[in-house]
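Thanks for asking me to look this one over. Here are my notes, point by point, for you to read with the model open.

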Amino acid sequence: MDPDTVQLFQLETISSLLAFGELLDRPGVDEAERVVESSAGLANYLDDLVEGSFCSHPSQEAHRQYLADLASEGYFGSRNFAVESACHGVLRALPDSAGLLDSSTGRELLALCEDFGEELVTTMQWLRTTGH
């Protein structure tokens, strides 16, 4: 039996988290690119699922407003890129001696990631409820 769409998304997310764990143990460009590409791919896939749904997403109007000022087509892809860009900016500016979560900037970044994660979870629940 094939897993449903939500289960596939969850499995890919778990795979990405494992890849991120490997990145923490063995930092490297290839591992980092794999994590970034996986995250972007999942966000774009979620955009396709929401777009292809027969039901309107509960935050559809808010998503349109968010995208109004951007030259992007997908809400989740755009949000993922914003989070990714914020992460790159913080990591580049972080001194070697500082721990990311020990800084106020790191905590703000974590909050940004958590907000986006909550939105992804809410959308996954919506997809399950609407029977996509």
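1. Salt bridges come to two in this model, where a salt bridge is a side-chain nitrogen of Lys or Arg within 4 Å of a carboxyl oxygen of Asp or Glu. Please keep in mind that the model is predicted, so local features need pLDDT of at least 70, side-chain atom pairs count only at pLDDT 80 or more, and totals for chains, interfaces and linings use all residues. Residues are numbered from 1 along each chain as its sequence is written, and side-chain values use heavy atoms, with hydrogens and water left out.

2. One of the bridges joins the side chains of R79 and E119, at 2.4 Å from N to O. R79 belongs to helix 4 and E119 to helix 5 (residues 104-130), so this pair ties together parts that are 40 residues apart in sequence. Helices here are DSSP runs (H or I, at least four residues; strands are E, at least two), numbered from the N terminus. Are the two partners buried or exposed? R79 is buried at 12% relative accessibility, and E119 is buried too, at 18%. The cut-offs are under 20% relative accessible area for buried, over 50% for exposed, and partly exposed in between (1.4 Å probe, protein chains only).

3. The other bridge is between the side chains of E61 and R64, at 3.8 Å from N to O. Both residues sit in helix 3, three residues apart, which puts about one helical turn between them. An α-helix has 3.6 residues a turn, so residues three or four places apart point the same way. E61 is partly exposed at 48%, and R64 is partly exposed at 49%.

4. Helix 3 also holds Y66, a partly exposed residue at 30% relative accessibility.

5. What is the overall make-up of the chain? There are five helices and zero strands, giving the pattern α-α-α-α-α along the sequence. Of its 132 residues, 27% count as buried.

6. The expected span is 1.5 Å times one less than the number of residues. Besides E119, the buried residues of helix 5 include F116, L120, W126 and L127.

7. Helix 2 has 24 residues and reaches 34 Å from its first C-alpha to its last, close to the 34 Å expected. Its buried residues include V35, L42, L46, D47 and V50.

8. D47 and V50 turn up again in the second largest pocket, which holds about 330 Å³ of space; of its 17 lining residues, the closest to the centre are D47, V50, E51, Q60 and H63. Helix 2 (29-52), helix 3 (60-68) and helix 4 (75-93) each give two or more residues to the lining. A pocket is an open set of points on a 1 Å grid over the protein atoms alone, where a 1.4 Å probe fits, with protein on both sides within 12 Å along at least five of seven lines; lining residues have an atom within 4 Å of a point. Volume is the space filled by probe spheres set on the points, which are joined across faces, edges and corners.

9. Finally, the disulfide count is zero, a disulfide being a pair of cysteine sulfur atoms within 2.5 Å. C55 is partly exposed at 35%, and C113 is partly exposed at 30%.
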